[in-house]
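Here is a short briefing on one protein chain. Look at the sequence and the model first, then read the points below.

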Amino acid sequence: MKEPAIPCHRIYEKADTGLFIRRISMNDSEGRHIPYHHRDDYFLFIKIERGSLRASVDFRHTNLKEGEGAVIMPGQVHRIETVTQDLEVWILAITPELLPMKYSDAFVEYTLHPHPILFESHDNADLACLLSMLHRRRGDEKTMRPLALAAISIFLTALQTGDDQRGDRYLSIMLRFCNLLDKKIRVEKRPSAYASELNISEVYLNEAVKSMTGKNVSGFIRSQVVLIAKRELIYSDLSPVEISERLGYVDYAYFSRLFRKDAGISPREFRKNHK
């Protein structure tokens with residue numbers, strides 16, 4: 001089945017190196033923000049130097065102010081909603097191939113419960129220095145990547161909460177579960193089926209998902225179904241009934257109740273609100 005045509009920005013259309021950095025000020029001609037929902041095929045690291053902004057990431061709203069940051073994963077649907085006139089922000093983008101796997105896994109964990117990233121004062125100063133150096137040396141491929149990874153490591157440090165081995169085990173299960181879910185969610189919704197494929201008990205899968213997301217397995221699957229439905233409601237001409245069927249629900253009334261339980265409104269109301 002063809003996915004809805006959500007606009008996708010590709011990094012190699014912007015930078016041959018798979019890496020770029022910009023300092024955006026609302027006083028500059030480049031300060032215009034993209035007003036529509038879109039996604040990128042790269043990691044996006046955001047650091048607010050001055051002012052504030054309000055953004056939507058996977059249809060969840062977040063506010064970022066001076067000294068805070070955020071990470072947007074490849075494929076996440078997002079847009080900037082409002083900005084202050086004094087906004088100054090660093091934007092660092094990097095293709096997934098240039099990131100160590102342990103970094104990627106940590107940022108996947110962050111997206112399970114996203115929040116503004118707060119930096120310690122010394123990390124804030126070091127990050128500002130690294131981003132400035134990276135901006136001055138843009139075009140110098142040999143020095144850009146190590147500087148970018150050093151900057152990204154500070155984002156990672158700000159997210160770390162300790163070396164909990166049980167948490168590491170839960171994260172491993174969660175990553176494997178999410179990978180399976182991406183492939184099978186349209187045809188398989190049963191927690192027991194995913195537990196079986198992961199060779200663990202349903203109880204243990206539920207324990208891991210609950211620890212990582214605050215939701216049980218059924219609740220997490222429902223939230224991912226609703227996220228896909230939201231994307232299709234905005235970027236396809238399919239009716240809500242057709243979207244329900246594409247997601248494996250032949251009973252639209254049931255699907256609508258499921259959608260409302262997670263989103264707070266019906267599919268039709270959601271589409272109307274985002275026109």
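This is a predicted model: local features need pLDDT of at least 70, side-chain atom pairs count only at pLDDT 80 or more; totals for chains, interfaces and linings use all residues.

Residues are numbered from 1 along each chain as its sequence is written, and side-chain values use heavy atoms, with hydrogens and water left out. Helices (H or I, at least four residues) and strands (E, at least two) are DSSP runs, numbered from the N terminus.

**Nonpolar cores**

- A nonpolar core is a set of buried Ala, Val, Leu, Ile, Met, Phe, Trp, Tyr and Cys residues joined through side-chain atoms within 4.5 Å.
- Buried means under 20% relative accessible area, exposed means over 50%, and partly exposed is in between (1.4 Å probe, protein chains only).
- In soluble globular proteins, nonpolar side chains tend to be buried together.
- The largest nonpolar core has 49 residues, and Phe45, Leu92, Ile94 and Phe107 touch the most other members.
- Both strands and helices supply this core with at least two residues each, among them strand E4 (43–50), strand E9 (88–94) and helix H3 (141–159).
- Helix H3 gives the most to this core, with 10 residues.
- Which residues does phenylalanine 45 touch, not counting those up to four places away in sequence? Its contacts (heavy atoms within 4.5 Å) include Trp90, Leu92, Phe107, Ile152 and Phe155.
- A second, separate core has 39 residues, including Leu180, Leu205, Ile234 and Leu247.

**The largest pocket**

- Rolling a probe the size of a water molecule over the atoms shows where empty space is left.
- A pocket is an open set of points on a 1 Å grid over the protein atoms alone, where a 1.4 Å probe fits and protein lies on both sides within 12 Å along at least five of seven lines.
- Lining residues have an atom within 4 Å of a point.
- The largest pocket holds about 1,300 Å³ of space. Grid points are joined across faces, edges and corners, and a volume is the space filled by probe spheres set on the points.
- Its lining has 40 residues, and Asp58, Asp182, Gln224, Leu227 and Arg231 lie nearest the centre.
- The largest share, 9 residues, comes from H7.
- By class, the lining has 18 nonpolar, 8 polar and 14 charged residues. Ala, Val, Leu, Ile, Met, Phe, Trp, Tyr, Cys and Pro count as nonpolar, Asp, Glu, Lys and Arg as charged, and the others, Gly among them, as polar.

**Salt bridges**

- A salt bridge is a side-chain nitrogen of Lys or Arg within 4 Å of a carboxyl oxygen of Asp or Glu.
- How many salt bridges does a search of the whole structure find? It finds 12.
- Glutamate 49 and lysine 47 form one of them, at 2.8 Å from N to O. Lysine 47 is buried, with a relative accessible area of 3%.
- Glutamate 81 and arginine 54 form another, at 3.0 Å from N to O. This pair links distant parts of the chain: glutamate 81 is in strand E8 (residues 78–83) and arginine 54 in strand E5 (residues 52–57), 27 residues apart.
- Arginine 54 is partly exposed, at 30% relative accessible area.
- Lysine 184 and glutamate 197 also meet in a salt bridge, at 2.1 Å from N to O. Here helix H4 (residues 165–184) holds lysine 184 and helix H5 (residues 191–197) holds glutamate 197, 13 residues apart.
- Lysine 184 is partly exposed at 28%, and glutamate 197 is partly exposed at 41%.
- Salt bridges that share partners join Arg54, Arg79 and Glu81 into one network.

**Single residues**

- Aspartate 58 lies in the loop between E5 and strand E6 (60–65). Its phi is near 50°, a positive value in a residue other than glycine.
- Phenylalanine 59 lies in the loop between E5 and E6. Its phi is positive too, about 70°, although it is not a glycine.
- Serine 223 is found in helix H7 and is buried, at 9% relative accessibility.
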